[in-house]
2 protein chains.
Amino acid sequence: MTADLNYELQVNLQERSYPVRIGFDLLSSGEQVCPWVAGEQVFILSNEIVAPLYLSRLKEALAGLSVNELILPDGEQHKNLNSLARVFDALVAHRHRRTTTILALGGGVIGDLAGFAAACYQRGVAFIQIPTTLLAQVDSSVGGKTAVNHPQGKNMIGAFYQPKLVLADLSLLTTLPEREYRAGIAELVKHAIIYSAELFYWLEQSVDELNKWNPDVLAEALYRSVSIKAEIVAADEREAGLREQLNFGHTFGHALEVVTGYGEWLHGEAVAMGMSLALQLSVKEGWLEPEQSIRVRSLLEALKLPTLLPSGLSADALRTAMTVDKKSTSKGLKLILLEGIGKARSTT
Amino acid sequence: MTADLNYELQVNLQERSYPVRIGFDLLSSGEQVCPWVAGEQVFILSNEIVAPLYLSRLKEALAGLSVNELILPDGEQHKNLNSLARVFDALVAHRHRRTTTILALGGGVIGDLAGFAAACYQRGVAFIQIPTTLLAQVDSSVGGKTAVNHPQGKNMIGAFYQPKLVLADLSLLTTLPEREYRAGIAELVKHAIIYSAELFYWLEQSVDELNKWNPDVLAEALYRSVSIKAEIVAADEREAGLREQLNFGHTFGHALEVVTGYGEWLHGEAVAMGMSLALQLSVKEGWLEPEQSIRVRSLLEALKLPTLLPSGLSADALRTAMTVDKKSTSKGLKLILLEGIGKARSTT
């Protein structure tokens, strides 16, 4: 199989700029990865679901380099300081130097952990993202947010640390469970909802093809959605303003993840639910026309995303969890609401 | 008592620039600290030796702000991921937000830990250094190197993260044990050895006053030595070249600390020993005239610093420990050697 690169875009951050390459069978080709490896050592972080499927293929592509790996259990509940310590132990045990490259082969959990480990190991080593879930391809692998969770708060411990390359190989999604695919679609749609009415309308027209996993439509949707994220990150890397809008649905979503325990809801599912709550509040605050809210919610539902809170869940518990959220300020909770399709704004 | 500011210098790093203020009784005055606090929350990290002496005085200076603290046991053996996790637990438990300021009140261990915690908590919060040892005042509090140790390698996990302010209050040294004072003198002298023959000659002439802790001579020595560090850091923040010279004596020194177990040798003592070994190697490699090596070593001895390896210590164990050091590259160990007084250079 030869690599089939469909799209390439650049995240423009001066000396920290890097490409996002989107296509099919990219993992099979050493030339897609090796030029971005810093030295002769590579350390792959993956998980027990992904490694049996793709690790050997990746290692073939890295032939000639000195490669070590660590395979973690799957799931958000493992994105913590203990797993991070295991990464450092393995790096030190295999004598990885400052010139090593850490490679994340997995979803958002693996990418966030590997990126944070790369940010801290010897005060910073090179880092490559090979996201294997749609959510990681469309969102978490791009933009340099890395972190682990604290039992009382998601992503409370982390760093802004950009990768050298994001390689989004859509062929890897053939083994992705339906539920994980939907979770990724949630973040993909989010970029349109907050930033591009044009993409939103195109997504409305593409619902059937997206629900059928049409590879060409998916590749275009991914490219257009990631382009929005790249533009926002380039404008505001450290989230001083504009980038906050990417948190649309996330304050509610994070609280949901904390209250139900990490791993119960997929992150993308929690964000879809959170966007639905943010839409309600946008209407209630008088920012958004009810018809627009209904239209956005209809798209989420057409894409089979959750928009209704389960009956057992207490709104009070959600509220308490939200006050620990990173978006909390002394003036109260900063929320991202919608003013119109393709137009988000912060409450403070 | 009113604050008595003797010297101020600036570490020039564009938007990350900050002042180093050197003087007496600075801790007693809120105006020396409060203008650099980011919001209304402050989190003080200190240790069991320093806190009983100075914490209440500092908290008085911070009157009106919301202050929490964590007091760790003293010693290099506590500069690890476990202590870091305790800091995060305390920050989350007291609901510290992105606008909080972490304040290090202690020596190098506390400063490195607090700085790394500030770099990672919510992906980065404000940070102030109030170093209470001479070593921290002259070296570790300036330049933004933060880290924790790994059992197999010193400072293996960390970040480059600059403080907003370094407040070097020489009055705090009155409670410093003699041995800690000597350890600080080692790093103070190092800056002269590698970078300034002029300061070196002045230190030779000031030996008696330094051994007597003459406060005015000490303040001038501190100012002149820190000025060198600030100049080097401003030229090469992330240690791509020039800043490596600050590691003079450190590869040997770190190995000594690892082999003997953290806490047995003070860091400054290990560095003095390491500089002595580096001098020997500089002569052996033909870089340095033997008379110059003797002159440097004489100054170290006049300042009562260790220059002879204890008989029980194996050179082999040191060598193994050195291959894990961060300065290790695929081409072998990178060492900083001396070409003359005030002139260091890297071996690779």
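Two strands are treated as paired if DSSP finds at least two bridges between them; helices (H or I, at least four residues) and strands (E, at least two) are DSSP runs, numbered from the N terminus. The structure is a predicted model, in which local features need pLDDT of at least 70 and side-chain atom pairs count only at pLDDT 80 or more, whereas totals for chains, interfaces and linings use all residues. Residues are numbered from 1 along each chain as its sequence is written, chains are lettered from A and ligands numbered from 1 in the order in which they are written, and side-chain values use heavy atoms, with hydrogens and water left out.

Chain A contains 12 helices and 13 strands. Along the principal axes, the C-alpha atoms of chain A fill a box of roughly 60 × 40 × 40 Å. Of the 348 residues, 62% count as buried (under 20% relative accessible area, with exposed over 50% and partly exposed in between; 1.4 Å probe, protein chains only). Among contacts (heavy atoms within 4.5 Å) with a separation of 6 or more, 74% join residues 24 or more positions apart.

Strand β5 of chain A, residues 101-106, is mostly covered, with 6 of its 6 residues buried. A:T101, A:L103 and A:L105 point one way from β5(A), while A:I102, A:A104 and A:G106 point the other way. In a regular strand the side chains alternate between the two faces of the sheet. Strand β3 of chain A (residues 41-47) runs parallel to β5(A) and is joined to it by 5 bridges, with A:S46 opposite A:L105. Strand β6 of chain A (residues 126-131) also pairs with β5(A) in the parallel sense, over 6 bridges, and here A:G106 stands opposite A:P131. The chain passes from β5(A) to β6(A) through helix α3 (residues 108-120) in a right-handed β-α-β crossover (with the strands pointing away from the viewer, the path from the first strand over the helix to the second runs clockwise).

A:T100 lies in the loop between α2 (81-93) and β5 of chain A and counts as buried because its relative accessibility is 0%. The side chains of A:T100 and A:H96 are joined by a polar contact of 2.7 Å (a pair of N or O atoms within 3.5 Å; within protein, one must be able to donate a hydrogen and the other to accept it, and residues adjacent in sequence count only if both atoms are side-chain atoms). A polar side-chain atom of A:T100 also lies 3.4 Å from the backbone oxygen of A:Q41. Not counting residues up to four places away in sequence, A:T100 touches A:A38, A:Q41, A:V42, A:F43, A:V125 and A:A126.
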